[in-house]
Amino acid sequence: MQLSPEQFRYTPGTSLAQYASQWGPLKDARETLQTTIEELSDLQEKLYADDRRSLLLVFQGMDAAGKDSTIKHVTSGVNPMGFQVFNFKQPTYKELDHNYLWRFWRAMPERGRIGIFNRSYYEEVLVVRVHPEMLEARRLPHDTVDDRFWQRRYDDIRNMEAHLAENGMTILKFFLNVSKSEQRARLLSRLHESKKHWKFDPRDLDERDNWDAYQDAYARAIAATHTDRAPWFVIPADDKWTMRAIVARIVTDAIASLDISWPEPNHDGAVIADAIRRLESEPD
């Protein structure tokens with residue numbers, strides 16, 4: 001089955017509930033992923049050499065949706081010098097003394113690189129919206145947290161992404177759409193394997209109790225911040241290999257569509273030919 005990024009791009013005006021958590025699964029997902037990673041590796045090297053554009057990949061999803069493993073597999077063939085992964089935890093005291101986007105702004109990828117956010121600034125309109133008591137630690141000058149408060153945050157995010165896009169950054173945002181039943185199975189799998197106990201946090205079950213609130217927060221955030229220059233993709237996540245293959249295809253096609261090229265050599269052909277002659281004439 002042919003993968004097309006447009007199949008998974010969020011469509012404005014649609015409900016998040018309309019998007020399936022299962023697609024296929026793709027029968028040859030592993031082979032498709034491997035082939036796509038080989039394409040991605042070549043394109044990433046070209047992006048790095050061109051040094052005029054950058055790529056930001058934002059991964060969001062419920063606990064156990066597969067963010068870590070997707071990032072691991074999609075980047076498995078990419079030169080480590082060409083990408084950076086940031087996994088944002090709870091903000092530090094220093095970070096709380098700045099505006100809520102500050103710590104994310106500092107982590108944006110340089111030109112020529114792929115930046116990967118495992119969770120991101122969207123947590124500030126997701127987990128913070130589900131748990132508005134977190135705002136007390138932010139010491140904000142606002143007294144009222146209402147719909148206008150969240151709308152201003154959506155505006156902040158759209159404006160930031162527009163600025164980044166205007167300055168050469170391609171932004172792709174992935175919501176890994178796992179079903180509640182599949183999340184349950186994955187959490188149980190962690191609990192049944194001792195070597196995975198380190199990944200389990202009892203708070204994951206508390207957050208699972210807020211499933212509907214999170215789905216609502218995701219739906220609002222995606223609808224408010226999906227733009228042509230910073231689109232959201234809703235990725236069916238119940239089958240991990242299919243999910244990884246889809247993400248890899250979207251990323252690869254995005255880089256392939258960029259106006260990037262290999263830099264012109266600094267020396268003319270005579271200099272290159274002379275270098276070859278000198279090296280080949282050296283005794284073994």
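Start by selecting Asp63, Lys89, Arg119, Asp201 and Asp204, which lie nearest the centre of the largest pocket, a space lined by 47 residues. A pocket here is an open set of points on a 1 Å grid over the protein atoms alone, with protein on both sides within 12 Å along at least five of seven lines, and a lining residue has an atom within 4 Å of a point. The model is predicted, so local features need pLDDT of at least 70 and side-chain atom pairs count only at pLDDT 80 or more, while totals for chains, interfaces and linings use all residues. Residues are numbered from 1 along each chain as its sequence is written, and side-chain values use heavy atoms, with hydrogens and water left out.

About 1,500 Å³ of space lies in this largest pocket, a volume being the space filled by probe spheres set on grid points joined across faces, edges and corners. To its lining, two or more residues each are given by helix 2, helix 3 (93-96), helix 5 (127-130), helix 7 (180-192), helix 8 (203-208), helix 9 (211-225) and helix 10; helices are DSSP runs of H or I with at least four residues, strands are runs of E with at least two, and both are numbered from the N terminus. By class, the lining has 16 nonpolar, ten polar and 21 charged residues, where Ala, Val, Leu, Ile, Met, Phe, Trp, Tyr, Cys and Pro count as nonpolar, Asp, Glu, Lys and Arg as charged, and the others, Gly among them, as polar.

Next, select the second largest pocket, with a volume of about 250 Å³. Of its 18 lining residues, Arg9, Thr170, Leu172, Ala254 and Ser257 are the closest to the centre. Strand 4 (169-177) and helix 10 each give two or more residues to this lining.

Now show helix 2 (residues 67-74) with helix 10 (residues 240-256), whose axes come within 9 Å and cross at roughly 55°. The contact (heavy atoms within 4.5 Å) is made by Ser69, Thr70, His73 and Val74 of helix 2 and by Lys240, Trp241, Met243, Arg244, Val247 and Ala248 of helix 10. Five nonpolar, three polar and two charged residues make up this contact.

Finally, select Leu40, Leu57, Val74, Thr75, Val78, Phe83, Ile114, Ile116 and Val251, which line the largest cavity, a cavity being a set of points where a 1.4 Å probe fits but cannot get out. About 40 Å³ of space lies in this cavity, and its lining has eight nonpolar, one polar and no charged residues.

Key
Axes are lines fitted to C-alpha atoms, for helices over the stretch in contact, and angles run from 0 to 180 degrees between N-to-C directions.
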